[in-house]
Amino acid sequence: MAYSRELIRNFCIIAHIDHGKSTLADRMMELTDTVALRDMEDQLLDAMQIERERGITIKATAVRMFYTHSDGKRYMFNLIDTPGHVDFTYEVSRSLAACEGAVLVVDASQGVEAQTLANVYLALDNNLEIIPVINKIDLPGAQPERVIREIEDIIGLPAEDAPQISAKTGLNVEKVLEHIADMIPPPKGSPEDPLRALIFDCIYDNYKGALSYVRIMEGRVRAGMRIKSMATGNEFDVTEVGVFSPSLKPIDELTAGEVGYICASIKSVAETKVGDTITESSRPAKSPLPGYKHVQPMVFCGIYPADGADYEDLREALDKLKLNDASLSFEPETSVALGFGFRCGFLGLLHMEIIQERLEREFDLDLVTTAPSVIYKIKKYSGEELTIDNPTNLPPSAEIAYMEEPVVEARIMTPSEFIGSIMELCQEKRGIFKDMSYLEETRVVIRYIMPLNEIIYDFFDQLKSRSRGYASFDYEMKEYMRSDLVRLDFLLNGEMCDALSTIVHRDKAYAKGRSVAEKLREVIPRQQFEVPIQAAIGGRIIARETVKAVRKDVLAKCYGGDITRKKKLLEKQKEGKKRMRQVGTVEVPSEAFMSVLRID
Amino acid sequence: MPGLYVHIPFCLRKCRYCDFVSFAPPYETGEYTEALKREIELAARACHLRFDTVFIGGGTPSVLPHGAVSLLLHHINKNFSISSPTEITIECNPGTVDAEKMSEYINSGVNRVSFGLQSSDDALLKRAGRIHDFSDFDRAFDLAQNAGFVNISADIMAGLPGQTQESYLATLEELKKYGLKHISAYSLILEPGTALLDDVMAGREILPDEAEVWAMQDAGKEMLENMGFLRYEISNYSIPGYECRHNVNYWKNKEYLGLGISAHSALRDPSWTRRENARSMKRYLELINAGTLPVVKSTVIGQEEEMFECVMLGLRMVSGIDLSEFEQRFCQSLVCIYKSALDKLYKKGWIQEKDGNLMLTEAGLDMQNAALLEFM
């Protein structure tokens with residue numbers, strides 16, 4: 001028997017990184033006896049190690065809880081956990097579309113942040129009922145009154161009655177549950193209509209294959225049914241449906257209003273697209289649910305094994321990650337300097353960093369990553385148009401009529417005292433000022449139109465350091481704009497090193513060429529001969545540095561009978577040598593390719 | 001024949017660059033030398049080695065009170081067999097010796113004195129945290145000579161904070177008149193855990209840059225050779241016939257027994273084995289008092305690694321590696337085993353073969369580390 005729809009509440013929690021989203025979810029599960037106390041591990045929803053460490057959610061997950069209200073009724077709560085970062089805006093919007101309400105968690109001392117705001121707008125776009133909650137009330141710096149005002153002034157939500165909680169200690173979390181039951185509307189949609197199920201996530205399970213996480217908007221789905229993806233037209237047979245308790249628990253049927261998973265012997269998550277609508281093959285819905293988008297990677301970089309022998313391991317690792325992450329793309333690529341590797345595409349910066357980190361941690365790989373690039377559009381004099389995501393593929397400048405680069409709208413929220421230095425940073429990064437509005441006396445939102453290629457280097461780090469960590473930031477892809485771009489190359493001992501090439505704005509090429517050359521001089525160890533480092537645009541040298549030759553490399557000291565130290569030193573040297581890449585005659589450490597990413 | 005090393009881990013003050021195991025006052029030397037005697041007995045019971053060199057190093061062995069060194073040597077003689085001709089060295093800090101100690105040393109069989117001088121420039125000595133000045137060395141040298149020592153060595157250092165090439169060469173110039181038989185010319189290495197490293201990291205101290213140190217070494221070598229010294233190892237020079245036999249034994253990768261805190265040993269037992277003694281005084285004394293050898297680590301070295309050790313150490317010596325000795329030791333020819341490494345090094349002009357020995361050229365000695373990587 002289907003659960004009474006009147007008693008179902010589908011909701012998500014939206015919050016800025018570190019404001020306590022996962023902790024609150026943990027307390028809710030505890031209070032509803034969803035998870036036995038002894039199985040409680042902090043932040044149960046964030047199963048991935050990196051998620052736990054960074055305190056962010058990378059993949060969306062869901063959990064079903066049962067809550068007994070003081071009115072005696074037993075409610076079914078479906079909590080959908082959403083990824084909390086700007087790179088995953090689309091995924092967040094699909095998770096939100098699967099809900100009727102959202103719990104907005106705001107840190108009692110930090111207040112509303114740029115990302116909170118971005119997610120609130122997304123929630124409002126999806127017509128969600130928003131329940132503000134003020135968290136970390138137990139901390140000494142808590143200023144609930146100020147935060148209430150902020151929520152009211154900035155977001156425009158009444159917050160006088162917002163539960164003031166401590167997710168950590170459990171204080172007032174009960175009230176949140178009550179608000180959810182009272183304020184979030186039950187799902188609409190009839191179980192008798194043709195099936196429409198919204199995919200809000202997909203994961204790969206070693207035993208069951210690709211699982212689609214769905215919200216049934218209308219109709220019902222059960223094992224044995226033949227279903228159809230409305231985006232791709234592909235059909236599958238359902239082998240199992242179930243719910244998250246929070247582990248996967250098969251049930252007979254999912255009906256309108258419910259949240260669960262569908263397993264249909266789909267081999268890879270790439271075949272199940274987030275945002276897609278699943279319907280019944282024999283009785284298809286008239287139209288798909290709105291909002292589906294084919295997600296395209298925006299940021300690319302080359303990933304190479306530090307030790308060329310690990311190429312196959314790297315491929316396997318990428319294959320495995322791809323199973324669970326449809327938005328990651330990669331294809332083999334060869335670099336003169338780095339050998340065999342892969343060109344990988346990511347949704348954004350964080351996505352790129354997470355993938356790199358997972359490759360290194362979960363698969364124990366040593367990587368060399370090249371400078372990230374965006375997709376450039378090139379119009380040639382011949383009329384031919386092409387797009388490139390790797391600077392190496394840029395045609396000779398004589399053939400290029402013009403180039404276009406992607407620009408984004410960046411929203412930066414900051415205490416007003418940092419406005420000056422942040423605007424300066426945005427100008428340096430070729431930003432075009434759009435507007436600035438005061439959220440309250442001491443906080444502003446500044447909007448800039450900025451080239452994506454300026455953001456993908458160190459913009460975020462710079463923003464943090466120039467605002468002592470207070471500014472938060474969020475961006476949205478806008479359009480392509482014509483731009484005067486050139487390829488900046490680097491030559492080591494006269495030989496071009498392709499892995500160091502980047503596309504930059506002409507006005508910035510000189511400064512960048514100089515600073516990268518200086519940096520390279522620092523990181524390239526001295527060789528037995530002098531190594532000139534040159535920065536070049538086209539064939540023209542614009543900067544030059546020299547790594548002096550090493551004349552002696554010998555351990556003069558004698559450690560008495562302790563020869564193990566000498567051996568260790570040599571082993572270290574040998575290890576370092578293994579991590580060197582031969583660029584022409586010059587040995588370049590893997591780190592050199594990455595150190596050029598962080599300049600200034 | 002195996003060598004015997006005895007570590008005395010006490011110094012009046014720790015030099016700023018030093019990372020050897022040594023303690024500054026207050027310390028209790030009596031308890032330690034008693035423990036050493038126990039270790040001598042334990043070690044003698046465990047292995048029956050004959051030694052022809054003994055090296056009492058530190059730390060500063062000359063800080064031991066009168067009589068302690070002769071008691072130790074007496075105990076060594078009683079428990080081990082010592083063959084002649086014997087080389088018995090003691091390391092002395094010029095600021096810690098007197099006539100009585102010198103005659104005690106010579107009367108108990110010591111026949112080689114190694115003074116830690118480092119520089120003749122008093123300002124540099126002070127800056128490096130040394131307790132003595134150059135006049136102390138002058139006096140100590142006289143005391144040693146008056147006591148009857150002939151084989152006297154001095155350590156000097158290139159790369160001390162504040163040092164210039166002039167100052168380095170001035171030290172050698174000063175040493176001309178003493179008729180030393182041996183000079184060890186090391187260069188300062190900034191080691192983790194030293195006061196000097198802290199100073200350098202904090203910007204309180206600046207070391208001469210590498211190129212300056214290289215220049216000091218090159219100029220120093222030339223000057224030493226003009227003074228009649230022959231370079232026989234990367235950092236060691238001697239009047240012919242006065243090479244330090246104890247150290248040559250290390251570089252030939254032969255057996256040695258190390259006694260005392262933090263001392264290392266290499267023994268054929270029956271596999272090639274390297275051992276380390278406890279590094280903390282507490283642990284060392286505990287083990288000795290429990291009646292066990294204070295060995296905390298013992299590593300059996302595989303043959304491949306033993307071969308590499310022979311190369312690594314042998315190529316420190318100007319005379320290099322005796323190829324037939326190597327072949328005898330391993331029943332394989334070095335030239336076959338390391339063919340590809342040797343090919344590369346020949347091409348670079350870093351290595352040569354002469355009179356049955358394989359040795360680095362002068363250019364090769366300067367790049368010994370890089371050369372060794374080819375053998376790994």
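## A friendly tour of a predicted two-chain model

In chain A, four strands make an open sheet, arranged in the order E17-E18-E16-E19 with antiparallel pairing. Strand E17 (329–335) and strand E19 (367–369) of chain A are the edge strands, each with a single partner strand, so one side of each has no neighbour in the sheet. From one strand to the next, the twist averages 30°. Please keep in mind as you look around that this is a predicted model.

Inside that sheet, strand E16 (residues 299–305) of chain A and strand E18 (residues 339–346) of chain A run antiparallel and are joined by five bridges. Helix H7 (residues 311–324) of chain A lies across E16, E17, E18 and E19 of chain A, and runs at about 15° to E18(A). Helix H8 (residues 349–362) of chain A packs on the sheet too, where it touches E16, E18 and E19 of chain A, and its direction makes about 15° with that of E16(A).

Further along chain A there is a hairpin. Strand E20 (residues 376–380) and strand E21 (residues 385–388) of chain A run antiparallel, with four bridges between them. Tyr376(A) has Ile388(A) as its bridge partner in E21(A). Four residues lie between the two strands of this hairpin, and Gly383(A) takes a positive phi near 95°.

Now over to chain B, which has an open sheet of three strands in the order E13-E15-E14, again with antiparallel pairing. Strand E13 (321–322) and strand E14 (351–354) of chain B stand at its edges with a single partner strand each, so one side of each is left without a neighbour in the sheet. E13(B) and strand E15 (residues 357–360) of chain B run antiparallel and are joined by two bridges; the partner of Asp322(B) in E15(B) is Asn357(B). Helix H14 (residues 339–348) of chain B packs on this sheet, touching E14 and E15 of chain B, and its direction makes about 100° with that of E14(B).

| Strand pair | Bridges | One bridge pair |
|---|---|---|
| E20(A) and E21(A) | four bridges | Tyr376(A) and Ile388(A) |
| E13(B) and E15(B) | two bridges | Asp322(B) and Asn357(B) |

Helix H1 (residues 29–46) and helix H2 (residues 68–79) of chain B pack at an angle of about 10°, and their axes are 10 Å apart. That angle makes H1(B) roughly parallel to H2(B). Residues making the contact include Leu36(B) and Ile40(B) of H1(B), along with Leu72(B) and Ile76(B) of H2(B). By class, this contact of H1(B) with H2(B) has five nonpolar, three polar and two charged residues.

How do the two chains meet? Chain A contributes 26 residues to the contact and chain B contributes 36 residues. Between them the chains bury about 3,100 Å², with 56% of it on carbon and sulfur atoms. Eight salt bridges are counted between chain A and chain B. The side chains of Lys552(A) and Asp366(B) meet in a salt bridge at 3.0 Å, N to O.

Over all chains, the structure holds 62 salt bridges. Within chain A, the side chains of Glu454(A) and Arg430(A) form a salt bridge at 2.8 Å, N to O. Glu454(A) lies in helix H10 (residues 452–455) of chain A, and Arg430(A) in the loop between helix H9 (419–428) and strand E23 (432–440) of chain A, so the pair ties together parts that are 24 residues apart in sequence.

Note on methods: Residues numbered from 1 in each chain as written. Chains lettered and ligands numbered in written order. Predicted model: local features only at pLDDT ≥ 70, side-chain atom pairs only at ≥ 80, totals over all residues. Heavy atoms only, no water. Axes fitted to C-alpha atoms, helices over the stretch in contact; angles between N-to-C directions. Parallel < 35°, antiparallel > 145°, perpendicular 65-115°, else oblique. Contact = heavy atoms within 4.5 Å. Nonpolar A, V, L, I, M, F, W, Y, C, P; charged D, E, K, R; others polar. Pairing = 2+ DSSP bridges. Buried area = accessible area lost by both parts, 1.4 Å probe. Salt bridge = Lys/Arg side-chain N within 4 Å of Asp/Glu carboxyl O.
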